[in-house]
Amino acid sequence: PIDLLEQRMEDTPALWPRAAEFAPGSQPLADRAADATLAALASAQRPLVLGGPTLCTSSGRALLGGLATATGVPAIGMESPRGINDPSLGAFAEMLAQADLIVLLGKPHDFTLRFADPPVVDRACRFIALEPDAALIERVAKAKGPRLIASAIADAAAATERLIQRSVGAPRPSGPWAHEVAEAIAYRPPSWPALASTAAEKVHPLQLCGAIAPHVARDRNAILVCDGGEIGQWPQAALTPARRIINGVAGSIGAAIPFAIAARLAEPVAPIIAVMGDGTFGLHMAEFDTAVRYRLPFVAVVGNDATWNAEYQIQVREYGADRAHGCELLPARYDLVVTALGGHGELVTAARELEPALQRALASARPACVNVMMQRVPAPVLRRKA
């Protein structure tokens, strides 16, 4: 309201509340609850710890890795709107279906787990919920009844730290389960190398990922932004940067360019590469003006298949190609749009052009667009079994 906007206020500590004041459940996990959780994990045959989006930051993933090392139990972060079809998790869905105990560590019991119903999760699987929001614990209790064997209100990161501390000397599960889960997550189809080397008329997403890979692997501070319905899933499956930003559980597309601008403010030196679809690019293309004015360089790699491809793939799958409607876009010159706004533009029509185009874009030290004419292919859904 304009009266509040124009009101003069004195600076006081009350204007700068601490984050904890917004999260009344943000408290450490009690030792008794931690010990009960560790005992349940040790006695299970096929336990899993699932961390929610708050544990999918760089520091959060380090905590999950530390928990897995300390307990011998696979600890997996889940932040994708595709849930069990998250391509960065490989064939993890196969292992989830075999779990006999799942610890939900700040991971809501929601659509990303298909609400942990069969056949996604075994009907005899038990649950433990460690969650700062009491309502989310109640959701598990209502859905799973006596199969929720324990719960506690606790901050996810603090609970992870407490579990690591209390795991010293605690029993550990035995058997090959952790190795089997790791193998499933690492799985990528054996056909992918051939796809990455194809000489097709247009670029395959794996060829695009292959060109980006050295730039995010060379510098651990590099930031990869992934956005878009179908194209955004491929770099999540094929690339393993130390730092990445995806479009989150809500699945809203279009934020890649603003994300990249904000990332450059936070990271002044390392490469920032944002992979997005052509539909995604169109939602906030004018923000290149912002990036140019404030001298915030990054590289937007646009997978241009002239389609709202996620919607197209759904329509083809559900109704057939002859009934796909309203998904076409123009094979527009987004690179020229960026050039007109004062940035650097590159058009790529063949895989051999990718690497030099990326090199020039990164070397330009300007906000840049590499506009890549892509094959129209669905996002990967990885399974080892039919």
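## A parallel sheet, its helices and a ring cluster

Ala-306 is buried, with a relative accessible area of 11%; buried means under 20% relative accessible area, exposed over 50% and partly exposed in between, for a 1.4 Å probe and protein chains only. Ala-306 also has a phi near 55 degrees, a positive value in a residue other than glycine, and is found in the loop between β9 and α14 (309-319).

Some ground rules first. This is a predicted model, in which local features need pLDDT of at least 70 and side-chain atom pairs count only at pLDDT 80 or more, while totals for chains, interfaces and linings use all residues. Residues are numbered from 1 along each chain as its sequence is written, and side-chain values use heavy atoms, leaving out hydrogens and water. Helices (H or I, at least four residues) and strands (E, at least two) are DSSP runs, numbered from the N terminus.

Let us start with the sheet. It is open, has six strands in the order β7-β6-β8-β9-β11-β10, and its pairing is parallel; two strands pair if DSSP finds at least two bridges between them. At the edges are β7 (243-245) and β10 (344-348), each pairing on one side only. On average, neighbouring strands of this sheet are turned by 15 degrees against each other, direction ignored. Axes here are lines fitted to C-alpha atoms, for helices over the stretch in contact, and angles run from 0 to 180 degrees between N-to-C directions. Strand β6 (residues 223-226) is joined to β7 by three bridges, and Val-225 stands opposite Ile-245 in β7.

Which strands does helix α9 touch? Helix α9 (residues 205-218) packs on the sheet and touches β6, β8 (272-277), β9 (299-304) and β11 (368-373), its direction making about 160 degrees with that of β8. Contact means heavy atoms within 4.5 Å. Helix α16 (residues 354-363) lies across β9, β10 and β11, running at about 175 degrees to β10. The buried residues of α16 are Leu-354, Ala-357, Leu-358 and Ala-361. They cover an arc of only 100 degrees around the axis, so they sit on the same side of α16; the arc is that of the directions from the helix axis to the C-beta atoms. An α-helix has 3.6 residues a turn, so residues three or four places apart point the same way. The cover over the buried residues of α16 includes α9, β9, β10 and β11. Just after α16, Ala-365 takes a positive phi of about 60 degrees.

Next come the aromatic rings. Rings of Phe, Tyr and Trp (its six-membered ring) pair if their centres lie within 6.5 Å; planes under 30 degrees apart count as stacked, over 60 as edge-to-face and the rest as tilted.

| Pair | Centre to centre | Between the planes | Kind |
|---|---|---|---|
| Phe-281 and Phe-288 | 5.8 Å | 35 degrees | tilted |
| Phe-281 and Tyr-334 | 5.0 Å | 55 degrees | tilted |

Phe-281 lies in helix α12 (residues 278-283) and Tyr-334 in helix α15 (residues 334-340), so their pair ties together parts that are 53 residues apart in sequence. Both Phe-281 and Tyr-334 are buried, and Phe-288 counts as buried too, at 0% relative accessibility. Ring pairs link Phe-281, Phe-288, Phe-298 and Tyr-334 into a cluster.

Finally, two backbone details. The peptide bond from Pro-118 to Pro-119 is cis, with omega near 0 degrees, and Pro-119 is in the loop between β3 (101-105) and β4 (126-131). Arg-295 has a positive phi near 55 degrees and is exposed, with a relative accessible area of 71%.
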